[in-house]
Amino acid sequence: MIHPLSLFLILFPVFLFSKQKWIQATTMVVSTLLCFAWFLEWSWPFSWHGFFPSLFAIDSVQPLQKLFATTYLFVLATASVYSWTSSHKSEVLTMIFHALMAIGVVLAQHWIEFFVYWELMSLASFFIVWMGPGKSAKSAGLRYLIYHSLGGGMLMVGVAWAIRDHLPFSYGSIHHPAQLFILFSCLINAACFPFHTWIKDAYPKASIFGSVILSVFVTKTSVYALIRFFPGFAPLVVIGAFMALFGAIYALMENNIRRLLSYHIVSQVGFMVCGVGLGTTLSLQGSAAHAVCHILYKSLLFMSAGAVVHAIGREKISSLGNLGKALPWVFCFYMIGAVSISGFPFFNGYVSKSMVIEAAHQYAWLAWTLKAASVGTFLSVGLKLPYYTFIKNNHTDYQPTPLPRSMIIAMAVVGLMCFVVGVFPDLLYSRLPGVVDFHPYDWELFLTDVSLLGGVGLGFWIAKIWLTPSNQGYEDVDTLILFPLAKAGKKIVNALKHINTWMLATEKSTYQKMISDSPSDAKSISFSIYMLLIMVCLLLGMMFILL
Amino acid sequence: MKNILIYFGFGWVASLGLTILVRFLLKPILRNRSLESEES
């Protein structure tokens with residue numbers, strides 16, 4: 001098979017000296033061709049035995065790798081079209097680099113390759129956030145970097161340990177401490193609770209083009225790693241179920257469009273993590289399928305949200321309204337994404353989410369928790385957001401900027417894919433690892449899903465007044481724990497500074513007195529005071545460790 | 001038919017339950033005034 005990075009490796013140095021439109025056009029053409037090549041399983045007409053063969057051609061590609069790589073190439077092509085009007089060449093280049101590194105992670109053949117691409121992907125995503133508009137993007141980017149440095153550090157330890165102990169780079173259960181480090185890193189990147197706050201902090205701060213790319217690659221690459229390295233790790237079931245419900249509940253409270261969608265990434269990744277934890281063939285296939293479908297509809301939702309921000313210049317639901325008339329195409333594409341994420345039949349979310357829920361039926365509590373999370377998803381993304389943004393006539397004090405055609409085309413292509421995969425699920429199922437024994441258009445499944453969604457619609461109609469968006473901020477793990485901890489740390493540092501200033505002043509006056517009385521004794525007394533202080537610190541440290 | 005009613009009822013009750021939980025319990029508890037000033 002052709003390694004996507006091989007062509008881009010040649011193209012990237014040229015990109016640095018090229019015009020932005022040329023970069024985007026080339027990326028679009030090359031990634032579309034590669035996507036077709038992977039889909040139709042073409043390979044190079046010659047064999048390569050160079051210095052680094054895995055970078056040019058891959059012989060042993062597993063179906064899971066092929067599935068993720070093809071989807072990533074598709075999104076890279078559409079994102080290149082969507083960002084056609086971007087005015088920042090550096091941002092476009094970083095976005096392409098980020099996507100390529102994510103492709104590198106999923107096609108990695110050994111630990112070192114996996115680690116290097118993973119770290120480069122995280123670094124590129126930090127720059128995408130950091131390049132966002134406004135000062136808040138810089139601070140959000142730094143907070144993002146702190147989280148991912150922690151994850152990257154954990155991965156480094158895990159990978160180094162795995163290499164030292166010759167752990168295989170393949171599927172397997174947890175039997176070595178190195179795997180726990182790798183798991184921890186994957187959980188941070190997958191935005192698992194309580195390490196999810198970077199996602200709602202960073203994604204809304206990136207540019208409208210950057211957030212589309214970010215919404216696709218970081219969390220889904222972690223889901224790939226979880227499917228590959230930790231299938232059947234039982235604690236993931238509980239973590240995933242909690243994430244699914246937690247994200248949906250926080251999304252119901254949120255007022256900012258892109259933050260609401262970010263919370264929904266947490267919720268949807270929860271479904272995938274749950275599937276990984278269950279570890280059955282159907283659940284693993286469901287997780288992989290849901291990751292692919294999520295990439296499609298989430299990129300469409302972020303594209304639509306970006307289009308609203310581009311046209312109106314606002315992204316708070318409380319300051320928007322009646323956009324359906326001003327931006328009918330955006331409304332149409334947003335609704336395709338919304339019904340897909342909500343699991344409507346004939347859209348891609350239905351064919352993948354129902355696999356995970358079906359697999360979750362081995363535990364009744366789990367199946368109903370995931371169904372409750374689906375209710376929350378439809379309520380917030382499918383009903384609350386479109387009703388107050390596109391339908392309700394509460395704000396009309398805006399003059400929409402015309403949308404570039406490139407944005408509409410990109411959204412149309414992704415929307416079409418959501419529909420095609422929903423109507424012809426075998427297109428997706430035939431590319432999953434193993435044989436899929438699941439029929440989404442079984443009458444019972446179809447009718448129960450439609451009746452569940454109907455019940456939610458009725459519930460929203462009765463209680464929609466209570467979901468009216470308001471300009472309020474809500475506590476999350478970062479504001480409840482991390483920000484107070486940071487404040488306390490700042491106070492401790494300030495107190496230490498005061499103590500230091502006081503000690504210096506005292507020392508100075510003592511020295512002056514000593515030097516005037518007996519200059520020779522001054523140095524030795526000062527040395528003994530420092531030694532005493534070091535001894536006290538050592539004793540306290542030992543006591544702390546022993547206790 | 002029974003399953004359809006169960007699922008319809010679950011959808012209805014869960015959506016109302018989540019709305020009430022969010023509006024009357026979580027929103028008042030988790031409201032953060034400093035974030036409001038930051039946001040605006």
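In the predicted model, the contact between the two chains takes 25 residues from chain B and 30 residues from chain A. On the side of chain B that touches chain A, two or more residues come from each of α1 (2-30), β1 (31-32) and α2 (33-39) of chain B. The greatest contribution to this side is that of α1(B), with 18 residues. By residue class, the side of chain B that touches chain A comprises 12 nonpolar, seven polar and six charged residues.

The two chains are also linked through strand pairing. Strand β1 of chain A (residues 473-474) runs antiparallel to β1(B), and two bridges join them. Within this pairing, A:G473 has B:N32 of β1(B) as its bridge partner.

The scores are ipTM 0.90 and pTM 0.87. Chain B has a mean pLDDT of 83, with 80% of its residues at 70 or more. Among the elements of chain B, the highest mean pLDDT, 91, belongs to α1(B), and the lowest, 59, to α2(B).

Chain A contains 21 helices and one strand. Its C-alpha atoms fill a box of roughly 95 × 65 × 55 Å along the principal axes. Of the 547 residues in chain A, 49% are buried. Among contacts in chain A between residues at least 6 apart in sequence, 81% join residues at least 24 apart.

Key:
Residues are numbered from 1 along each chain as its sequence is written. Chains are lettered from A and ligands numbered from 1 in the order in which they are written. This is a predicted model: local features need pLDDT of at least 70, side-chain atom pairs count only at pLDDT 80 or more; totals for chains, interfaces and linings use all residues. Two residues are in contact if their C-beta atoms, placed from the backbone, lie within 7 Å. Helices (H or I, at least four residues) and strands (E, at least two) are DSSP runs, numbered from the N terminus. Ala, Val, Leu, Ile, Met, Phe, Trp, Tyr, Cys and Pro count as nonpolar, Asp, Glu, Lys and Arg as charged, and the others, Gly among them, as polar. Two strands pair if DSSP finds at least two bridges between them. pLDDT is the predictor's confidence in each residue, from 0 to 100. A residue is buried if 20 or more other C-beta atoms lie within 10 Å of its own, exposed if 12 or fewer, and partly exposed in between; C-beta atoms are placed from the backbone.
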